Amino acid sequence: MGDPVLIGIRFALYADLMLIAGLAAFPLYALTRQDRARPELTDRIWRAERWLCAAGLLLSALGMGVLAASMQGVGLLALDAQSFQDIVRQSDVGTAWLYRSAALAAALAASIWIRRWPTPVAALLAAAGLVAVGTLAWSGHAGATEGATGAIHRISDIVHMAAAAVWIGAIAAFLLLLSPRRGDPPPETVAIAAHSLDRFSVVGTICVLTIAGTGLINGQMIIGAENLGRSLAAPYGQGLLAKLALFALMLALAAANRWRLTPALGAAVARMDAGDDPYPSEAIAALRRSLIVEAAAAFAILALVAWFGTLDPFGGEAM
Amino acid sequence: MLKSLLPSAAAALALLVAPVAASAHTRLIASTPAAGSTASKVTSVSLHFSEKLIPATIKTSLVMTAMPGMADHPPMKIPYSSAMGKDGKSMTLLLKRPLAAGSYTLSWSAAGADTHRMGSEFSFTVK
């Protein structure tokens, strides 16, 4: 079992950075240019972005401090500035942290102008978010693989996390669009949400295929098909199995959203527009429930990864 | 053309994604004097590791644990200066004076690229 503080920070960072990238990407592919500029649709997303960027900077700095202290074999408070600097300079993890901090600082600065230029700033936020997510590849198993194999492993890991970020960001964006915080979302917002759910189906399919493909490559790199049995006997393999089960649950929910709940919402919106039916509260509530479970599964996956990513795949040495 | 290329491409891919036994934790793989050995005229101790180490994380200590006529005395610190090897995987402790006859224990700990702090210790004898 690794250090719980380090694992907690890893989880928070995965979630935070993936949301930055995924939430910023959402309006770019799921909303039209006009809709992107409408505050009632995107204000919540932009506000979330700012908090996420600020939190990401703090979390990332805290995480680097805790990691440097554990690499030094001392407590966080016993870590001095000089050895922190040395570790940042000498290690790949440190270099990755510098890039991550720069990307997050740029994103935070850019988010000030997001209302004025929504499209370019959202693109910049998505790009900076993806850079920040990508740097996390150096904090897992992919960071320790050397040579050409290491490069392939890291690229595969980065693509895996980027696809996950887009998926998780979309779930969060739909929840924000359909959030009942200040009364039910207005009919127009619901209609736009129904449209963007439709548009997401292509992006979502690409994400799922990418996640599955790169996941297989990563699994082969870390465990290898022929060692599968040996790893399943260790906590790492069991964590991976739980992750796959949660992924299957997310797939089932996504399929239900795509083929059942989204068409139902679309039909309800059409009936409402035609004046046949009142506000589609039930269709919205069903979709929201499914999205909440999907989001919970996604966060559970991130928590699992934050934990078993620090373990030896075959339960070798204790960490 | 494509058909003839496919098998070699597949083989290359299989090679590239062959599992690399990701347990890349840093281990001590060799040392002079070797663990458990008896040596004489020791003026330096060299350590060879399985992975590159992050220099800022390395901690080593060399203590004398016994000398002729005095078995098991409290550990006495031996002064030395240390230098990293060019490959980043080895390190040499340059002793201020050649080691006197007795038993010594060297312990090390450090983190490699995988950020896990590892360490071990070993003993040797000087006659």
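How far apart are the end C-alpha atoms of α3(A), and what span should its 34 residues have? The legends below take this up first. The model shown is predicted.

**View 1. Helix α3(A) from end to end.** The end C-alpha atoms of α3(A) are 48 Å apart. At 1.5 Å a residue, the 34 residues should span 50 Å, which agrees. The helix covers residues 39-72 of chain A. Look just after α3(A) for Gly73(A), where phi is positive, at about 75°.

**View 2. Helix α1(A) crosses helix α3(A).** Helix α1 of chain A runs over residues 4-30. Its axis and that of α3(A) come within 8 Å. The two axes cross at roughly 150°. Angles over 145 degrees count as roughly antiparallel, and that makes α1(A) roughly antiparallel to α3(A). The crossing of α1(A) past α3(A) is left-handed. Sorted by class, the contact has 21 nonpolar, five polar and two charged residues.

**View 3. Helix α1(A) meets helix α8(A).** Helix α8 of chain A takes in residues 147-177. It packs with α1(A) at an angle of about 65°, and the axes are 7 Å apart. This angle makes α1(A) roughly perpendicular to α8(A). Here α1(A) passes in a right-handed crossing. Which residues make the contact? From α1(A) they include Met18(A), Leu19(A), Gly22(A) and Phe26(A). From α8(A) they include Met161(A), Trp167(A), Ile168(A) and Gly169(A). By class, 15 residues in this contact are nonpolar, two are polar and none is charged.

**View 4. A four-stranded open sheet in chain B.** The strand order is β1-β3-β7-β6, and the pairing is antiparallel. Strands of a sheet pair through backbone hydrogen bonds. Which strands stand at the edges? They are β1 and β6 of chain B. Each has a single partner strand, so one side of each is left without a neighbour in the sheet. From one strand to the next, the twist averages 15°.

View 5. Begin with β1(B) and β3(B), which pair in the antiparallel sense over four bridges. Find Ala30(B); its bridge partner in β3(B) is His48(B). Next come β3(B), residues 44-49, and β7(B), residues 90-95. They are antiparallel too, with five bridges. Ser44(B) stands opposite Leu94(B) in β7(B). Five bridges also join β6(B), residues 80-84, to β7(B), and these strands run antiparallel. Met84(B) has Met91(B) of β7(B) as its bridge partner. Between β6(B) and β7(B) lie five residues, and the two strands form a hairpin. In the turn, Gly88(B) has a positive phi of about 75°.

**View 6. A five-stranded open sheet in chain B.** This sheet has the order β2-β9-β8-β4-β5. Is the pairing antiparallel or mixed? It is mixed. The edge strands are β2 (38-39) and β5 (76-77) of chain B, and each pairs on one side only. Seven bridges join β4(B), residues 59-66, to β8(B), and the two run antiparallel. Ser61(B) faces its opposite number, Ser107(B), in β8(B).

View 7. Strand β8(B) covers residues 102-111 and β9(B) covers residues 117-126. They pair in the antiparallel sense over ten bridges. Ala111(B) stands opposite Arg117(B) in β9(B). Further along, find Ser109(B), which stands opposite Gly119(B). How many residues lie between the strands of this hairpin? There are five. One residue in the turn, Thr115(B), has a positive phi of about 70°.

View 8. Most residues other than glycine have a negative phi, and most peptide bonds are trans. Is the bond from Thr32(B) to Pro33(B) cis or trans? It is cis, with omega near -10°. Pro33(B) lies in the loop between β1 (28-32) and β2 of chain B. Now move to the loop between β2 and β3 of chain B, the place of Lys41(B). Lys41(B) is not a glycine, yet its phi is positive, at about 50°.

Key
Residues are numbered from 1 along each chain as its sequence is written. Chains are lettered from A and ligands numbered from 1 in the order in which they are written. This is a predicted model: local features need pLDDT of at least 70, side-chain atom pairs count only at pLDDT 80 or more; totals for chains, interfaces and linings use all residues. Axes are lines fitted to C-alpha atoms, for helices over the stretch in contact, and angles run from 0 to 180 degrees between N-to-C directions. Angles under 35 degrees count as roughly parallel, over 145 as roughly antiparallel, 65 to 115 as roughly perpendicular and the rest as oblique. A crossing is left-handed if the near helix is turned anticlockwise from the far one by less than a right angle, and right-handed if clockwise. Ala, Val, Leu, Ile, Met, Phe, Trp, Tyr, Cys and Pro count as nonpolar, Asp, Glu, Lys and Arg as charged, and the others, Gly among them, as polar. Two residues are in contact if their C-beta atoms, placed from the backbone, lie within 7 Å. The expected span of a helix is 1.5 Å times one less than its number of residues. Two strands pair if DSSP finds at least two bridges between them.
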